[in-house]
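This report covers side-chain contacts in one protein chain. Please read it alongside the sequence and the 3D view.

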Amino acid sequence: MAIDLNGVLLAAQQRACTHYDERPEHTDITLLVIHNISLPAGQFGTPFVDDLFMGCIDCNAHTSFSDLKGLRVSAHCFIKRTGEVIQYVPFNKRAWHAGVSEYEGQTACNNYSIGIELEGTDTLAYTNEQYAALTELTEFIVKHYPDITLGRIVGHNDIAPGRKTDPGQAFDWARYRKSLTHLI
């Protein structure tokens with residue numbers, strides 16, 4: 001994997017998302033946040049996650065989408081069930097993935113984090129292809145942002161407890177961390 005000077009992952013498909021902005025000046029990237037998403041919930045391979053991040057989701061396409069009207073959300077990358085990685089926001093920009101959040105007493109996690117979305121749910125197992133892609137992506141991110149240590153890789157639930165539950169009990173943290181042992 002390679003990255004350009006603007007934080008673009010050259011190996012990933014790029015999508016021209018507008019749901020991001022500049023990070024606060026002099027802010028180091030020190031946190032990696034793992035999420036899950038599927039739209040509708042539990043359905044994979046639909047165009048709706050892409051539409052949501054691109055700001056063009058048809059909220060009438062499914063009854064569960066009514067709460068998404070006007071929502072402006074994004075992630076740096078999205079890993080499909082096949083392991084394909086799509087980048088929506090350059091790593092050096094602030095994606096809008098964490099919402100109201102706090103980690104180790106520091107609020108506004110979007111300011112200093114990278115957000116990775118896995119196509120999935122809290123309760124359905126993730127694929128081998130997703131774990132492989134997430135491991136490779138994590139290694140790449142940590143290489144380029146060395147302030148992200150193994151202890152600063154967290155789930156959305158860790159930074160927004162009580163509000164968020166992802167990546168959920170289906171995410172195998174032990175397997176993922178074991179795949180990153182050379183980062184210790």
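## Salt bridges

Asp50 is buried, with 18% relative accessible area; buried means under 20%, exposed over 50%, and partly exposed in between, using a 1.4 Å probe and protein chains only. The model is predicted, so local features need pLDDT of at least 70 and side-chain atom pairs count only at pLDDT 80 or more, while totals for chains, interfaces and linings use all residues. Residues are numbered from 1 along each chain as its sequence is written, and side-chain values use heavy atoms, with hydrogens and water left out.

There are five salt bridges in the structure, each being a side-chain nitrogen of Lys or Arg within 4 Å of a carboxyl oxygen of Asp or Glu. One of them joins Asp50 to Arg15, with 2.5 Å between the closest N and O atoms. This pair links distant parts of the chain, 35 residues apart: Arg15 is in the loop between β1 (13-14) and β2 (20-22), and Asp50 is in helix α1. Helices (H or I, at least four residues) and strands (E, at least two) are DSSP runs, numbered from the N terminus. Arg15 is partly exposed, at 29% relative accessibility.

Glu22 and Lys93 form another salt bridge, their closest N and O atoms being 2.6 Å apart. Glu22 lies in strand β2 and Lys93 in strand β6 (residues 93-95), 71 residues apart, and this pair too links distant parts of the chain. Lys93 is buried at 19% relative accessibility. Glu84 and Lys80 also meet in a salt bridge, at 3.6 Å from N to O. Both ends are partly exposed: Glu84 has a relative accessible area of 31%, and Lys80 has 29% relative accessibility.

## Aromatic rings

The structure holds 11 aromatic pairs. Rings of Phe, Tyr and Trp (its six-membered ring) pair if their centres lie within 6.5 Å; planes under 30 degrees apart count as stacked, over 60 as edge-to-face and the rest as tilted. Phe53 and Phe78 make an edge-to-face pair, with 6.4 Å between centres and 85° between planes. Phe53 is in helix α1 (residues 48-54) and Phe78 in strand β4 (residues 77-79), so the pair links distant parts of the chain, 25 residues apart.

Elsewhere, ring pairs join Tyr126, Tyr131, Phe171, Trp173 and Tyr176 into a cluster. The charged end of Arg81 sits over the ring of Phe44, 4.2 Å from its centre; this requires NZ of Lys or CZ of Arg within 6 Å of the ring centre and within 35 degrees of the ring normal.

## A buried glutamine

Gln87 is in strand β5 (residues 85-87) and is buried, with 1% relative accessible area. Leaving aside residues up to four places away in sequence, Gln87 touches Gly7, Val8, Leu9, Ala12, Gln13, Gln14, Arg15, His76 and Cys77, where contact means heavy atoms within 4.5 Å.

## Nonpolar cores

A nonpolar core is a set of buried Ala, Val, Leu, Ile, Met, Phe, Trp, Tyr and Cys residues joined through side-chain atoms within 4.5 Å. The largest has 28 residues, of which Ile116 and Ile141 touch the most other members. Elements giving two or more residues to this core are β3 (31-37), β4, β9 (113-119) and α2 (128-144); α2 gives the most, with seven residues.

Not counting residues up to four places away in sequence, the contacts of Ile116 include Leu32, Ile34, Cys77, Leu137 and Ile141. Another core, of 19 residues, lies apart from the largest one and has Phe48, Met54, Leu68 and Tyr88 among its members.
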